[in-house]
Amino acid sequence: MIRRSLPVVALGVVLAALSGLLPQYWLGLLTQALLFGGFAMGLDLLVGYTRMQSLGHATFFGLAGYGAALAVTRAALNPWAAAGLGISLSLLVALLFAPLAVRFRGLSFLTVTLAFGQVAWGLATRWTSFTGGENGIPGIRRPAFLWDLNDPAGYYLLTVLVVTAGTLALVRFAASPAGMSLQGVGSSDTRMAALGYDVQARRTVAFVVAALSGAVYGTLSAFFNRFIGPGSLDWRLSAQILLSVIVGGSGSLWGPFIAGAGLHVLKAGLVGETQRWPMVLGALYVLSVVFLPGGLASVPTRFHRFVAGRRRTSSGEQGARP
Amino acid sequence: MTEVDLRALEIQDLTVHFGGLAALSGVQMTVQAGSRHGILGANGAGKTTLFNVVSGFIAPTRGRVWLFGDEVTHLPPHRRARLGLARTFQITTLFLDLTALENVLMASLVSAGHHRRVVHPARHDRIARPMAERCLNDLGLGHLMDVPVGEVGYGEQRLLEIAVTSALAPRLLLLDEPTAGLSAAETVAVLDLVRRLPPELTVIIIEHDLEVLFQVAEHLTVLHFGEPIADGPAWSVREDPVVKEVYLGSRG
């Protein structure tokens, strides 16, 4: 266990130390990158472990944000309570939707989750009097904490704390018997059923855990931006996160985290070019599928094989490719 | 009461239609606890369909199934597994991207009752890990512990599937053509393994080769186009004129 937890904690400490070194702009960018990294990592449990490709997971990210935003701005609730409310709302919707969604497989599952996400997006854009429509909800007050969260470095530190804790919890869960059973369901649901596992129940668990992770990061994101809009429920965000999982290497957890964070930084770098973002995403997807089928996570193995192969050829042996 | 307890499996009037095709019609069968029961039949005789109905993967058109005295006709596969039923498949069904240890762990975690745990790592489970290692070592597969099953040879995969089912500590084991596609030496190894299974375990084996079945089964049921044409002790079924006619006769 220590072998898995230690790198996560060490990385958390390094990231926390950066708060005193980086200028404000970079801290803000890194805050969001970490949120999207964590979000992608949570989705990897569903996509990489259970092998269910969801194109609607922005729904749980956005719903939690909207829930918290409405509670703070309309009901003048304490921001912490509002965050709890937002996450609970998202969790509740996931619990209600999951039993239906997990009946579908492959492309049908992708379509059902996409359609479901569109309903939430439609509500957010059309129900203008309640959700602010396209304008969203501005003025979300950040909560009070041990340190000042209105300071960029302060909010960044909170994010590092939550992402580190969330990653530790997820990594630990993934290695547990319940986590391994999700891999089993993705690998052979027939074998799982024959061993006595309730396959639909396990799929539901994966769906809800991924939704919960999305909800936590969606809430953090809403408070970070002090704003929530329909962009947080947009299917293009779902696509970006699903792509992060694939480009990162599904099932590895750390790969999707890096890709999730990296894709956000890339998106932020294309300021003024946002119209082209879907095109860039598409090109990246094609490139990664063609040149790096296992995603970022396969790089270490490929590197080892490459080095081993070179050593063998240089020593005069044949058959360098394993 | 005791009589009920002695029956591992009971099947009454079992019929399965796939569209217009009758895969099984009117099958009656009783398997006593602790026996080694063989199911013989040519391709398409309905053997695998019978296993699929018994393990819950196919719902019968008509008829009822009991496991250890409990009616299970309408139970899903995982509930039947929890009653002590384990099975292998005609096409090896394992987690190809997981290691041999993880494959067996998936089963031993269930028998340890730890399969719902969410914190402690599965690989270090204090009950399931030693159980899984014992299963692998017993079958001489200890060297494969950390090898992804997809990279293991076909013969060892067949053995591994039996290791996975035995880690469930089942009361009734269904083996679907365990020697199919194996070399002569591998067949001997598998049959040897079947003979070494604990005597209190009830085993039902599907085979299309009577000679193979005769080595391990003491009781035989012969299926022919979905209908049982003989049922009884192995020696008597072997001498049965109808069986000789429709089954052995075709071999000359």
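Is Gly38(B) buried or exposed? Gly38(B) is buried, because 24 other C-beta atoms lie within 10 Å. The cut-offs are these: buried means 20 or more other C-beta atoms within 10 Å of a residue's own, exposed means 12 or fewer, and partly exposed is in between, with C-beta atoms placed from the backbone.

Before going on, some ground rules. This is a predicted model, in which local features need pLDDT of at least 70 and side-chain atom pairs count only at pLDDT 80 or more, while totals for chains, interfaces and linings use all residues. Residues are numbered from 1 along each chain as its sequence is written, and chains are lettered from A and ligands numbered from 1 in the order in which they are written.

Back to the glycine. Gly38(B) sits in strand 3 of chain B, residues 36-40. Helices (H or I, at least four residues) and strands (E, at least two) are DSSP runs, numbered from the N terminus. Setting aside neighbours within four places in sequence, the contacts of Gly38(B) include Ile205(B), Leu213(B), His219(B) and Ala234(B). Contact here means C-beta atoms, placed from the backbone, within 7 Å.

Next, the domains of chain B. Domain 1 covers 1-84 + 171-252, and domain 2 covers 93-169; these bounds come from an automatic or database domain assignment. Their C-alpha centres are 26 Å apart. Where they touch, 9 residues of domain 1 meet 7 residues of domain 2. On the domain 1 side, helix 7 of chain B (residues 184-195) gives the most, with 4 residues. That side divides into 6 nonpolar, 2 polar and 1 charged. For that count, Ala, Val, Leu, Ile, Met, Phe, Trp, Tyr, Cys and Pro are nonpolar, Asp, Glu, Lys and Arg are charged, and the others, Gly among them, are polar.

Now the contact between the chains. It takes 21 residues from chain A and 28 residues from chain B. On the chain A side, helix 8 of chain A supplies the largest share, 7 residues. The chain A side divides into 10 nonpolar, 8 polar and 3 charged.

Last, helix 2 of chain A, residues 24-49. Of its 26 residues, 21 are buried, so helix 2 of chain A is largely enclosed by the rest of the structure. Just after this helix, Arg51(A) takes a positive phi of about 60°.

Note on methods. Contact = placed C-beta atoms within 7 Å.
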